[in-house]
Structures are given as C-alpha cells and as structure tokens.
Amino acid sequence: MSEEIKTIKVTIDNITIDVAPGTTILQAARQIGGDVTPPAMCYYSKLEGSGGKCRTCLVEVAAGSTADPRPMPKLVASCRTGVMDGMIVKNMTSEKVPEARAGVVEFLLLNHPLDCPICDQAGECHLQDLGYDHGKQGTRYQFARRTFKKEDLGPFIQLHMTRCILCYRCTYVANQITDNRVHGVVDRGDHAAISTYISKAIDNDFSGNMIDVCPVGALTDKTFRFKNRVWFTKPVDAHRACTTPGCCGKTTLWMRGSEVFRVTARKDEWGEVQSFEGKPGWICNTCRFETKNAESWTIEGLTTISRHSVIGVNKYKTLEMPKETTKAVMNGVEPKLLMDIHNVSEVNKPGVHLSDIKGPAHSTNFKK
Ligand code: SF4
Ligand code: FES
C-alpha cells in the first residue's frame, strides 16, 4: 500500500500552498515565485549548509502555526526557517520587512565599493539588483571603507576582496565540489576576509564554479576581465561531450559575432546553476576557460534571459545576421561617411581578437 505523503499548508503574502515537511519559508516562496520570493544573497539551494549569513531574506511570521498562532517576535531569515502547518508569512505585505531589508542593504554596502562602471559583474550583480530593488538612496556611513589588494587565486580567478560580502558560497563550492579547499574566511569581525592559505593557487578542475556562485564581483574570470560588458554579448546555450568526470558539459556561451568571450554554467531563474537530471550542472575549467572556440560547441539556441535584466535589453529573436546592409537601405549607394576607426585609434586593431587574449585585456595588448 502506498503511503500517503503528508503536506503542510503555509500562507505567504496571502497565497496559500501545500509543501512537503522540512521545506523552508524561502523554498516555499520560490514555489509560488515572483515578488513573493525574498531575495537571497548567501543561500544557494545546490550548496549544503549555505544561508543564514546575509539576512537579506528576512520575513515576518505573523502566525507560527495552527497549533500556536502567535507571531514570531522578530523577523526571521526565511532561508533557515522551516514552515509549520498553518504558518502565515508576510514578505511584500509586511510593513517591517522593507525597512529591515533596506538596513541590510545599507550594511552590505558599508564596505562595498560603488565601482559598478568598471566592475566585470555589472549587469549580473545580485547586490546591484538588491540595491535598486530594496535599498535606499544614500548612506549614513561616514568612515573610510576597508580596502584590500587584489589577489590572484590561480591562473583563472581574480579576487577583489574589497567587493566581497562574505556570503561563504565560494567556500562551500570548494568544500563540496572540488577535491581540496585551499581558501576560506580568515580573521574575524571587520577583519574577516576571503583568502588562500599562504596564497596557494586554486587549480583544481572545478574551481571556476566559485565565480558563478559569487553574487558580486569579488571573484571574476581572468580570461574575460575587461573584454566586454555582459549586455553587449549574446548568450547562447551550448553543449559538448566533455570527458571530465562530474562536468555536465552544458554551458552558456557569451558571444560577440562568432567570438566566444566567456563560458559559464547555465543559470536558473534564481541565478543559481541549473540542474540536469536532478544534479546541479557544474562545469569544469576545461569547458569554462580553455574551450573558447565556437566550433568546439554544439549551439542549441538563445539563452532565455529575464526581460527585467539589463542583458535582455538587447532584444533579438534569431542568431541570423540582418539582411539589410547600409548599401541596401540606401538604395544601392555605398556609404562614404563611415570612418575606419583603425585610422585614428590603436584600440581594436584588426588581427587582435579580444577573445584570443589569454588573460585580462589591457591597453598593452594593442601596442605593437
Ligand atoms: S568571494 Fe564572492 S562567493 Fe566568496 S564569500 Fe565573497 S562574495 Fe561570497
Ligand atoms: S539568504 Fe537567508 S540569510 Fe542570506
């Protein structure tokens, strides 16, 4: 006889759903989706133990359960609080949550530099989105921000500790999907920092996934740095028969024309790596950093990007080149006024392909 699966009822922002026992408020809210879902900067459903560090997911529990309908005295971290039968939760409908969340954003930005114009994460930074959606204009902080020197974490990853929000996700990646963790959070309080022990390089096959889980621009891909803004690139889903054990081989290629500028894991609607056949689709460093030619990939089609994302602003329907050339739209007249930029600038020299430059792009790459 099949056992009946018991579910429990939870109401979030006046929407009631049945969920499995053991579900957290955040997971239940994700099942409803949309604005009901609190933001999460440290929780990552594919990383065991994550959550409980950043407090961006705070919600109000207006009734604890049917058995004990008293409200919880303080706002709770929804990623770490399990639902009870009859629980009533307020996120968007709470009067207290927006104020508290704005305070959390202000705290996260105390030491975070506002260097979005030069940060490679701009356009896909969760802190940038969080600031716009839940933050307030201005800050009350009047002291010098803490700063750190940039650190090389091996040949592919750059650490800007100044931008880190200490969410710990990268340490969970290193613990759970690589064979040895050589970095972590050292020191305590406002001295706490991500660092490698004795600056050891992180050179295992899956270290690149730390870049994907980092919600800010603290960990960036050195093979992509300063080469393009993400909103100028066209993301396409692609796969290859990768032979690295544990690599799913399913990726997003960030292309410009036929050049592959960056390779990342595929992301879901919560900004987390997508799952395939019930397993997280982590990718290896060979796919990510060393397979940057389009011929090595089978392109499946355009990646679906949220229409709210700045990346989706550059709308397009197909990968085909437009048929209209300047000559065609000018009734056969060849354009005369177009300037050849190579006559006046050393930047973008013909023959120098950004995607072929191994490390970050610098002006020296264009000087003979
Ligand atoms: S480097 Fe990024 S992923 Fe790691 S703790 Fe800092 S913010 Fe989180
Ligand atoms: S996402 Fe819940 S505390 Fe960070």
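## Close-up views of a predicted model

In strand β9, alanine 193 is the bridge partner of valine 186. The legends below describe a predicted model.

**View 1. Strands β8 and β9 form a hairpin.** Six residues lie between the two strands. In this turn, aspartate 187 has a positive phi of about 70°. Most residues other than glycine have a negative phi.

**View 2. Five strands make up an open sheet.** The order of the strands is β2-β1-β5-β3-β4, and their pairing is mixed. Strands β2 (15–19) and β4 (76–77) are at the edges; each has a single partner strand, so one side of each has no neighbour in the sheet. Strand β4 runs antiparallel to β3 (residues 58–63), and two bridges join them. Within this pair, leucine 58 has alanine 77 of β4 as its bridge partner.

**View 3. Asparagine 14 and arginine 55 have positive phi values.** Asparagine 14 is located in the loop between β1 and β2, and its phi is near 70°. Is asparagine 14 buried or exposed? Its relative accessibility is 68%, so asparagine 14 counts as exposed, the cut-off for this class being over 50%. Arginine 55 lies in the loop between α1 and β3, and its phi is likewise near 70°. Arginine 55 has a relative accessible area of 38% and is therefore partly exposed.

**View 4. Lysine 9 and aspartate 18 form a salt bridge.** The whole structure contains 15 salt bridges, and this pair is one of them. The closest N and O atoms of lysine 9 and aspartate 18 are 3.0 Å apart. Lysine 9 is partly exposed, with a relative accessible area of 44%. Aspartate 18 is also partly exposed, at 42%.

**View 5. Lysine 46 and aspartate 268 link distant parts of the chain.** Their side chains meet in a salt bridge, with an N to O distance of 3.1 Å. Lysine 46 belongs to the loop between α1 and β3, while aspartate 268 belongs to the loop between β13 (259–265) and β14 (275–276); the two are 222 residues apart. Why does lysine 46 count as buried? Its relative accessible area is 19%, and buried means under 20%. Aspartate 268, at 22%, is partly exposed.

**View 6. Glutamate 99 and lysine 136 meet in a salt bridge.** The N to O distance between their side chains is 3.2 Å. Because glutamate 99 lies in helix α2 and lysine 136 in the loop between α3 (126–134) and β6 (151–153), the pair ties together parts that are 37 residues apart in sequence. Both glutamate 99 and lysine 136 are exposed. Elsewhere, salt bridges with shared partners join Arg30, Lys46, Asp268 and Glu272 into one network.

Technical notes: Residues are numbered from 1 along each chain as its sequence is written. Chains are lettered from A and ligands numbered from 1 in the order in which they are written. This is a predicted model: local features need pLDDT of at least 70, side-chain atom pairs count only at pLDDT 80 or more; totals for chains, interfaces and linings use all residues. Side-chain values use heavy atoms; hydrogens and water are left out. Two strands pair if DSSP finds at least two bridges between them. Helices (H or I, at least four residues) and strands (E, at least two) are DSSP runs, numbered from the N terminus. Buried means under 20% relative accessible area, exposed over 50%, partly exposed in between (1.4 Å probe, protein chains only). A salt bridge is a side-chain nitrogen of Lys or Arg within 4 Å of a carboxyl oxygen of Asp or Glu.
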